[in-house]
Amino acid sequence: MTLFRAAVVQFEPTPDRPDLNLATVERLARDAVADGARLVVLPEMCLLGYWHLRRQTAERLHQLAEPADGPSISRVSALAAELDAGLGVGFLELADGKLFNAYAVCLPDGSVHVHRKLHAFEHEAIASGSSYTVFATLWGFTAGVLICWDNNLVENVRITALLGATVLIAPHQTGGTNSRSPHGMKPIPLEVWANRKQDPAAVEAAFNGPSGRGWLMRWLPARAHDNGMFVLFSNGVGRDDDELRTGNAMILDPYGRIVAETPVPDEAVVTGDLDLELVPLATGRRWLRGRRPELYGLLTQVMGNELDPRAARFSTEPVAVSGTSAQ
């Protein structure tokens with residue numbers, strides 16, 4: 001077998017304190033590398049915190065943001081070189097006067113690959129990215145990055161696979177969200193987290209239930225299986241402004257099977273071995289070759305009911321469903 005050891009991390013960022021969060025990133029990255037990991041995936045926006053950003057003014061967000069070659073990512077890049085491992089971290093990027101929910105994968109050779117969330121909804125001042133992020137690694141495989149909601153739109157994962165990625169880096173801040181769908185996620189009371197030491201059974205049940213791991217199991221394994229990719233799912237855990245993130249960090253193989261995960265509703269590092277030889281014969285890889293692109297033109301046509309990511313995410317109106325004749 002051709003094995004590659006990776007790690008996915010979950011932790012609770014301190015809002016607006018990149019200094020403290022960088023210290024946590026370094027501590028957890030060192031733990032992961034000590035366990036043999038060559039690539040360490042940390043959560044979306046983990047250097048700054050996440051959900052509280054929606055309450056900030058645009059001016060404040062510009063104060064908090066950094067360029068991709070700023071001090072925070074430069075420090076992570078230096079740590080990657082020191083540890084001889086890849087490190088992925090989420091941050092608020094400032095580029096050409098615009099703000100992006102971004103994710104930097106720093107490789108030990110000094111290269112930095114930055115993905116900008118394609119479907120950003122956190123704040124009206126945060127723009128959505130416009131390109132996919134797929135790159136060759138030093139370890140003989142090609143990786144792609146999609147941030148949180150990017151992964152929920154199936155086209156993004158399929159395109160990332162078609163661009164050659166066999167390992168998908170998938171940082172999130174999810175679980176316990178206030179979904180408007182009647183059978184979607186629902187908020188978990190903040191008291192569940194505050195009382196986790198006194199009542200560990202309650203927090204475990206909540207984080208593994210339909211607003212946490214149960215929700216992930218409805219769709220996350222399908223992204224891996226249907227595209228023949230490893231998925232490295234990292235997530236926040238604990239309080240995120242007025243919501244709770246549920247952790248559930250896990251590594252999935254190209255068949256959608258869980259290689260490793262954490263049952264701990266707390267800070268955790270999950271390491272697992274990726275058997276890269278599974279990819280060529282994975283079911284999803286064979287399905288990719290069975291596509292009929294000439295039938296899929298409708299996927300790129302404007303239907304007239306599209307919304308920008310923010311409007312789509314927060315819309316309270318039911319989606320009108322209308323039929324159409326086959327072409």
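The model is predicted: local features need pLDDT of at least 70, side-chain atom pairs count only at pLDDT 80 or more, and totals for chains, interfaces and linings use all residues. Residues are numbered from 1 along each chain as its sequence is written, and side-chain values use heavy atoms, with hydrogens and water left out.

**Helix 3**

- Helix 3 spans residues 71-83, where helices (H or I, at least four residues) and strands (E, at least two) are DSSP runs numbered from the N terminus.
- Its 13 residues reach 18 Å from first C-alpha to last, close to the expected 18 Å, which is 1.5 Å times one less than the number of residues.
- Ser72, Ile73, Val76, Ser77, Leu79, Ala80 and Leu83 are the buried residues of helix 3.
- These buried residues line one face of helix 3, because they fall within an arc of 160 degrees seen down its axis, taken from the directions from the axis to the C-beta atoms.
- Among the elements covering them are helix 1 (18-34), strand 3 (86-95), strand 4 (98-106) and strand 5 (112-116), with contact meaning heavy atoms within 4.5 Å.

**Cysteines**

- The count of disulfides (pairs of cysteine sulfur atoms within 2.5 Å) is 0.
- The closest cysteine sulfur to that of Cys106 is in Cys46, 11 Å away and too far for a bond.
- Cys148 is in no disulfide either, with the sulfur of Cys46 nearest at 13 Å.
- Cys106 is buried at a relative accessible area of 0%, and Cys148 is buried at 6%.

How values were computed:
Buried means under 20% relative accessible area, exposed over 50%, partly exposed in between (1.4 Å probe, protein chains only).
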